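Please examine the structure below with attention to its aromatic side chains and to one of its helices. A briefing follows it.

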Amino acid sequence: MHSASVWLSSLTLAAAGGWFAATVFAGPATSKEPRFPQLTMEQLNDQQRPLGEQIMKVSSVGIGGPYNPMIRSPVLGQRLYDLFYYLRWQTSVPTKLNEFAILIIGRQWRSQVEWFAHAPLAAKAGLSTEVIADLKAGNRPSKMAEDEALVFDFVTELTTTKKVSDETYARAKKLFNDQQIVDLTALAGNYVMVAMLLAMSEETVPPGKEEPFKVGEK
């Protein structure tokens, strides 16, 4: 397990990159009534409060983004929070590739919050602006390193064809160990679930911020 200092350092990086900034807004930046009005700690019941306190220990900016709907189901929310903890800060997959995989899912779902939160984190982790721009445009990035190309093909095949080809799996075995392959697969599935929560609850970017994906774009 990571030490407390590494954990806090990771949180500082996440905050700087925009992940926790995406959790402070009170709902969609429209005149429509939010499906899940933003909860505060004072509003949490006895079942929700322990999870809320855990969230607040690692973020000074409140409970928002996927946490806002999650906390409505506190037992599930706790399980998901523990999973997020592992997949974000303890995973065996290198951070750059982990964030790239999240962006691939975010692009597939055109998830405003996932892209808004994780594109800066991917850039900070070393993913090139060219790769990020190509992916955002809906293209297979043309200047990927070998491990980046593997992650793109692995995640894309798994989520679009519902399988991983023998050729792609053989490439994965050359670059990743078994734990990394399992962790990458779990990460992709987890962020599909996060995208679903965000879509269902109609969470969007903070007020005054531009949505990454525009109406009419592919």
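This is a predicted model: local features need pLDDT of at least 70, side-chain atom pairs count only at pLDDT 80 or more; totals for chains, interfaces and linings use all residues.

Residues are numbered from 1 along each chain as its sequence is written, and side-chain values use heavy atoms, with hydrogens and water left out.

**Aromatic pairs**

- Three aromatic pairs are found in a search of the whole structure; rings of Phe, Tyr and Trp (its six-membered ring) pair if their centres lie within 6.5 Å, with planes under 30 degrees apart counted as stacked, over 60 as edge-to-face and the rest as tilted.
- Tyr-67 and Phe-84 form an edge-to-face pair, because their ring centres are 6.3 Å apart and their planes stand at 65°.
- Tyr-67 belongs to helix α3 (residues 67-70) and Phe-84 to helix α4 (residues 74-89), so this pair ties together parts 17 residues apart in sequence; helices (H or I, at least four residues) are DSSP runs, numbered from the N terminus.
- Tyr-67 counts as buried at 3% relative accessibility, and Phe-84 is buried with a relative accessible area of 5%; buried means under 20% relative accessible area, exposed over 50% and partly exposed in between (1.4 Å probe, protein chains only).
- The rings of Trp-115 and Phe-213 have centres 5.6 Å apart and planes at 65°, so this pair too is edge-to-face.
- Trp-115 in helix α6 (residues 112-124) and Phe-213 in the segment after α10 (178-201) are 98 residues apart, and their pair links distant parts of the chain.
- Both Trp-115 and Phe-213 are buried.
- One aromatic cluster is formed by Tyr-67, Tyr-81 and Phe-84.

**Charge over a ring**

- Arg-88 lies over the face of Trp-89, 5.0 Å from the ring centre; the criterion is NZ of Lys or CZ of Arg within 6 Å of the ring centre and within 35 degrees of the ring normal.

**Helix α10 and the segment after it**

- Helix α10 has 24 residues and reaches 35 Å from its first C-alpha to its last, close to the 34 Å expected at 1.5 Å a residue; the expected span is 1.5 Å times one less than the number of residues.
- At the start of α10, a side-chain oxygen of Asn-177 comes to within 3.1 Å of the backbone nitrogen of Gln-179.
- Just after α10, Glu-202 has a positive phi of about 55°.
- Thr-204 lies in the segment after α10 and counts as buried at 7% relative accessibility.
- The side chains of Thr-204 and Glu-211 are joined by a polar contact of 2.6 Å; a polar contact is a pair of N or O atoms within 3.5 Å, where, within protein, one must be able to donate a hydrogen and the other to accept it, and residues adjacent in sequence count only if both atoms are side-chain atoms.

Methods. Helices (H or I, at least four residues) and strands (E, at least two) are DSSP runs, numbered from the N terminus.
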